[in-house]
Amino acid sequence: MSDLATRRLRTVAAVRGPLLLLRGARRARLGEIVRIRGGAEELRGQVIEVGEDLAAVQVLEETRGIAPDRTEVVLTGEVAALGVSRDMLGRTFDGTGRPADGLPPPVPEALLPLHGAAMNVVRREKPSEFIETGISAIDGLNTLVRGQKLPIFSCAGLPAARLAAQVVRQARVRGGEPFAVVFAAVGAPYREAQEYLESFAASGTLDRTVVFVNRADDPPIERLMTPRCALTCAEHLAYRHGMHVLVVLTDMTAYCEALREVALARDELPGRRGYPGYLYTDLASLFERAGRIAGRPGSVTQLPVLTMPDDDLTHPIPDLTGYITEGQIVLSRELDRRGVFPPIDVLPSLSRLMGLGTGEGRTREDHRPLADQLYAFHARGVDVRRMAAIVGVANLGDEERRFLEFSDRFEQELVHQGGAFRSLDDTLAAGWRLLAAFPPTALTRVKASLVERYRAREGA
């Protein structure tokens, strides 16, 4: 039974997990928001599929207690949207954009659809300019550039959450340009969510930060909206107010698990590891919202964090993410065991756009060649470490021992920094001090003029 005037439907066929199936809903529109009545509270939902006989609605709250024969669905005619405003800075919201800090909603400056608008490829500007995170292994060796999307690949049990919080507290742009951070916690346990909020408040960075928190006990379907709320807010701050916005999304694995749960509830044919075949397309619809628009001062930069199931780089989530994004920061279980924080393994890590944001006029003229030299020596030292595990350190030659000692110092003095902020200048100075153990002729990746100038200047 339906009411054509008010678009009310009382034709619920079934409730299947987070989905509600409707008969006779041909007038429903894909992406339309609905209100669901029939229990103690009114629920919200979104139309995700419209067929000849049935329409599928994903319910944004818990579906327990919904009785199909006593449920009414109201089609609102609206698409999923978020009221955005500069006043969102300093505020905390839930995964669907509702205030979670006890304050009233900010007065919106605009109502924007969550799916965003495709960026015109002709007007997309090449990412450039440096974003300083205060993390040496990122700033010095895998530089983050405005408009880039650079994921962090973690393993279960590694301190990815602590690293993400530290980046939020420390990140900045040089030159005094307006800067903001949008942080989205997806599927975060209660304790972890509280630690995020307390960390931001204690560091004084909450005023420049917008926080979206989807907790682990929230409905899984809400996880699909949380990153889109964060990116919609970021786009408004960037392109309406000219701010450089860093979006930190953690943990995208929880997002992908929710996507798989919804796809299985819809009886879709599963792909690799049970994930839907459109996982790549769905992730691309999020990650490709990073960038800069020619003629506008703002930018959106993404730093998504994901946990690799079974520590497997070939798992569909990190595998597909790597195809879409411009590099990766890889956390190491071995470094974590040795007490190194952040446990970033620089050898498999890569920032493909590092060359666009480093060098004279952006960071320093010695930045890129110094990073290349440190990388080359550390790679040699890691090879020697593997050989030493077989033949023993006592059987190594003098040169091999020098590289082994270099790698140990590299991890303890440059990669390891605890929770402290380290400026780019301090990072490069630490790099030059590490290279002091080698004669100038061994520094084949750095021009002789730079070696002469900076070895003395940095006390190397």
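A search of the whole structure, which is a predicted model, finds one cavity of 30 Å³ or more. The volume of this largest cavity is about 50 Å³.

Ten positions are named in its lining: Gly140, Leu141, His367, Leu370, Ala371, Leu374, Leu414, Thr427, Leu428 and Gly431. Helix H11 provides the largest share of the lining, four residues. Both H11 and helix H13 (424-435) supply at least two lining residues each.

In soluble globular proteins, nonpolar side chains tend to be buried together. In this model the largest nonpolar core comprises 126 residues, and Val182 and Phe212 have the most contacts inside it. The element that gives the most to this core is strand E17, spanning residues 179-188, with nine residues.

Met387, Ile390 and Val391 make up a nonpolar patch on the surface. Together these three residues have about 280 Å² of accessible area.

Val391 belongs to helix H11, which covers residues 367-391. Is Val391 buried, partly exposed or exposed? Val391 counts as partly exposed because its relative accessible area is 36%, and this class lies between the limits of under 20% for buried and over 50% for exposed.

Note on methods
Residues are numbered from 1 along each chain as its sequence is written. This is a predicted model: local features need pLDDT of at least 70, side-chain atom pairs count only at pLDDT 80 or more; totals for chains, interfaces and linings use all residues. Side-chain values use heavy atoms; hydrogens and water are left out. A nonpolar core is a set of buried Ala, Val, Leu, Ile, Met, Phe, Trp, Tyr and Cys residues joined through side-chain atoms within 4.5 Å. Buried means under 20% relative accessible area, exposed over 50%, partly exposed in between (1.4 Å probe, protein chains only). Patches are made of residues with over 30% relative accessible area and no salt bridge: like charges are joined within 9 Å, nonpolar side chains (Val, Leu, Ile, Met, Phe, Trp, Tyr) within 5 Å. Accessible areas come from the Shrake-Rupley method with a 1.4 Å probe; for residues, only the protein chains shown count as cover. A salt bridge is a side-chain nitrogen of Lys or Arg within 4 Å of a carboxyl oxygen of Asp or Glu. On a 1 Å grid over the protein atoms alone, a cavity is a set of points where a 1.4 Å probe fits but cannot get out, and a pocket is an open set with protein on both sides within 12 Å along at least five of seven lines; lining residues have an atom within 4 Å of a point. Grid points are joined across faces, edges and corners, and a volume is the space filled by probe spheres set on the points.
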